[in-house]
Amino acid sequence: MNTATSVKRRYRGSSTEERRALRRQQLIDAATQIYGEFGYRHSGVKQVCDAAGLTQRYFYESFGHSDELLIACYEQAARKVRELNMAAAQAAGEDRMERSRAMLHAYFSYLRDNPKLARLLFVDIRGISPAVDEAIDQALKASSEDMTRALAHPGEHFDEMLQAGILGGVIHIALHWMASGYAHSVETVTETALKLGASLLE
């Protein structure tokens with residue numbers, strides 16, 4: 001086989017895959033904004049495609065239906081929050097309370113600075129479909145695992161039920177704060193949520 005032809009063919013294949021990946025990311029980014037502003041239930045495929053600058057045929061190139069796109073948006077946003085939380089914990093040093101405070105501060109700061117993402121993550125997301133609920137459960141499980149990695153002593157295992165309660169409580173604090181229009185400072189909300197987190201470290 002002609003080497004130049006073979007290389008060209010591989011390049012073309014890679015280029016096609018890259019363009020498809022780029023279009024998929026365009027749809028995810030556009031949908032994140034649309035769902036965050038109007039809510040998933042009030043947004044359609046055409047609305048997302050228009051915002052992404054793509055035709056609807058490109059939607060079905062990457063996603064079988066809208067729920068798959070919602071899951072992709074949710075997972076991307078949840079992953080970003082987790083990455084920020086872990087980076088904050090690592091930067092806070094070895095003290096577990098300070099690590100917990102830093103994670104919460106990073107978490108609430110991100111929600112305040114990205115209200116559309118906050119709505120995507122928390123508002124009207126449950127009950128859309130079993131697949132979406134499973135994605136949420138997996139994200140919460142990953143957050144619990146991050147909590148253990150960031151805060152547990154070597155060989156220590158936190159109470160899973162208590163962790164679930166703390167995560168749920170932090171989420172409800174976030175929802176209350178969002179509903180108030182972020183009326184309180186990040187520091188105030190952080191210290192409030194830290195009272196929950198402290199129970200894990202006692």
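**Helix crossing and salt bridges**

Helices H4 and H6 cross in a left-handed sense; a crossing is called left-handed if the near helix is turned anticlockwise from the far one by less than a right angle, and right-handed if clockwise. The model is predicted, so local features need pLDDT of at least 70 and side-chain atom pairs count only at pLDDT 80 or more, while totals for chains, interfaces and linings use all residues. Residues are numbered from 1 along each chain as its sequence is written, and side-chain values use heavy atoms, with hydrogens and water left out.

**Packing of H4 and H6**

- The axes of helix H4 (residues 66-91) and H6 come within 10 Å and cross at roughly 115°.
- Axes here are lines fitted to C-alpha atoms, for helices over the stretch in contact, with angles from 0 to 180 degrees between N-to-C directions.
- Helices (H or I, at least four residues) are DSSP runs numbered from the N terminus.
- On the H4 side the contact (heavy atoms within 4.5 Å) is made by Leu-70, Cys-73, Tyr-74, Ala-77, Ala-78 and Val-81, and on the H6 side by Leu-117, Leu-120 and Leu-121.
- That contact of H4 with H6 has 9 nonpolar, no polar and no charged residues; Ala, Val, Leu, Ile, Met, Phe, Trp, Tyr, Cys and Pro count as nonpolar, Asp, Glu, Lys and Arg as charged, and the others, Gly among them, as polar.

**Salt bridges between helices**

- The model has 11 salt bridges, each defined as a side-chain nitrogen of Lys or Arg within 4 Å of a carboxyl oxygen of Asp or Glu.
- Arg-23 and Glu-61 form one of them, with the closest N and O atoms 2.8 Å apart.
- Because Arg-23 lies in helix H1 (residues 3-38) and Glu-61 in helix H3 (residues 56-62), this pair ties together parts that are 38 residues apart in sequence.
- Arg-23 is buried, at 15% relative accessible area, whereas Glu-61 is partly exposed at 23%; buried means under 20%, exposed over 50%, and partly exposed in between (1.4 Å probe, protein chains only).
- Glu-37 pairs with Lys-116 in another salt bridge, at 3.4 Å from N to O.
- This pair joins helix H1, which holds Glu-37, to helix H6 (residues 115-122), which holds Lys-116, across 79 residues.
- Glu-37 is partly exposed at 40% relative accessibility, and Lys-116 is partly exposed at 30%.

**Other salt bridges**

- Arg-126 and Asp-133 meet in a salt bridge at 3.9 Å, N to O.
- Arg-126 is partly exposed at 41%, as is Asp-133 at 21%.
- A network of salt bridges links Arg-82, Asp-146 and Arg-149.

Definitions and conventions. Helices (H or I, at least four residues) and strands (E, at least two) are DSSP runs, numbered from the N terminus.
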